[in-house]
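Here is a short report on a protein model. Keep the structure in view as you read.

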Amino acid sequence: MTDVPLLEVHNLTKQFSVKEGILGHQERVVKAVDGVSFRVDQGRTFSLVDESGCGKSTTANILLLLEQRTSGRVTFRGEELESLSKAGLKDYRRSVQAVFQDPYSSLSPRMRVRDIIAEPLKIHEGLSGRKLSSRVGELLEQVGLSPDRAALYPHQFSGGQRQRIAIARALSLKPALIVLDEPVSALDVSIRAQILNLLTDLQEQLGLSYLLISHDLAIVEHMSHEVAVMYAGQFMEMAPAAELYGDPLHPYTRSLIAAVPSIDPDVPLEGLLATDTAVSVAASGCKFHPRCPLAPPGCAEAQPRFIEVSKNHFVQYCNAHCTPVTEI
């Protein structure tokens, strides 16, 4: 790990205004992302894992410049995004690419595959003619597809092949970081391992960094070097993947891991959530307390802290009301 991370996020916050009441005259501020900080190092995978609606995709959209952050700082290769020149921002957009969840909707049905992959090369590198065709063919081969199929349309490919095309497009500008937003959740189970193995091979070959967004604990464990468990816009726990899965400390992390189905049908699910209450970013005090099986009185008012309990292992807890970390 280098001292200067590829990407570093400091106290990132994203607020939305929500209208309430019968006529919508009342307005409430909701923090979809609430003060999160993390780093992504060169050649490594940092994963955000949570249930739907907890803020992970909003975080990804901010880093892809698809949404504006409310507050916080983002640095790329040691430089703050706000201080980048127009040329610097263009370089950032080239260096940070994305592979989205659904290959059926992320690829234009009206464009041939060669044009889908070639478009960023034309815009950013000015390639044309044989050089462009050659580069498109190389990218298709890199993701395991034949260049002879470049003239086809996306609907002529299977779901797994479409996601390979999306990966080829993301690789076209030689990025340093790829945001993987649920990259296999829309695919058949039989195809998922192939795409994950492809992404792993590409990371090793090209030194890529990944920011993986997922709710699938098994995929996150397989792919990640570091993991942050997110709930209601906040980090509940963050640690190296092996340590987080081997010794989860926060009750939410334990609940998620315990709920992963076993291949043994006789092993029951052991989710620990006290209730089926939906995630609420508006909860006061500890955001997790309405569902926490360990929450004593006072958690609705107490403001938890995100502290380092061992090297690079952080847990959110309040030592005034919650069970001490060592006993969770």
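## A buried charged pair

Lys56 is buried, and Asp50 is buried too. Buried means under 20% relative accessible area, exposed means over 50%, and partly exposed lies in between (1.4 Å probe, protein chains only). The side chains of Lys56 and Asp50 form a salt bridge, at 2.6 Å from N to O. A salt bridge here is a side-chain nitrogen of Lys or Arg within 4 Å of a carboxyl oxygen of Asp or Glu. Side chains of opposite charge can pair when their charged atoms come close.

## About the model

This is a predicted model, in which local features need pLDDT of at least 70 and side-chain atom pairs count only at pLDDT 80 or more, while totals for chains, interfaces and linings use all residues. Residues are numbered from 1 along each chain as its sequence is written, and side-chain values use heavy atoms, with hydrogens and water left out.

## Other salt bridges

How many salt bridges does a search of the whole structure find? It finds eight. One of them joins the side chains of Arg44 and Glu226, at 2.6 Å from N to O. Arg44 sits in the loop between β2 (26-40) and β3 (45-49), and Glu226 sits in strand β9 (residues 226-231), so the pair ties together parts 182 residues apart in sequence. Helices (H or I, at least four residues) and strands (E, at least two) are DSSP runs, numbered from the N terminus. Arg44 is partly exposed, at 25% relative accessibility. Glu226 is buried, at 13%.

Arg135 forms a salt bridge with Glu138. Their closest N and O atoms are 3.6 Å apart. Both residues lie in helix α4 (residues 129-142), three residues apart, which means about one helical turn separates them. Arg135 is buried, with a relative accessible area of 15%. Glu138 is partly exposed, with 42%.

## Two helices side by side

Helix α5 (residues 159-171) packs with helix α6 (residues 189-206) at an angle of about 20 degrees, and their axes are 10 Å apart. Axes are lines fitted to C-alpha atoms, for helices over the stretch in contact, and angles run from 0 to 180 degrees between N-to-C directions. α5 and α6 are therefore roughly parallel (angles under 35 degrees).

Which residues make the contact? Among them are Gly160, Gln163 and Arg164 of α5, and Ile191, Gln194 and Ile195 of α6. Contact means heavy atoms within 4.5 Å. The contact residues divide into eight nonpolar, three polar and one charged. Ala, Val, Leu, Ile, Met, Phe, Trp, Tyr, Cys and Pro count as nonpolar, Asp, Glu, Lys and Arg as charged, and the others, Gly among them, as polar.

Terms used
Angles under 35 degrees count as roughly parallel, over 145 as roughly antiparallel, 65 to 115 as roughly perpendicular and the rest as oblique.
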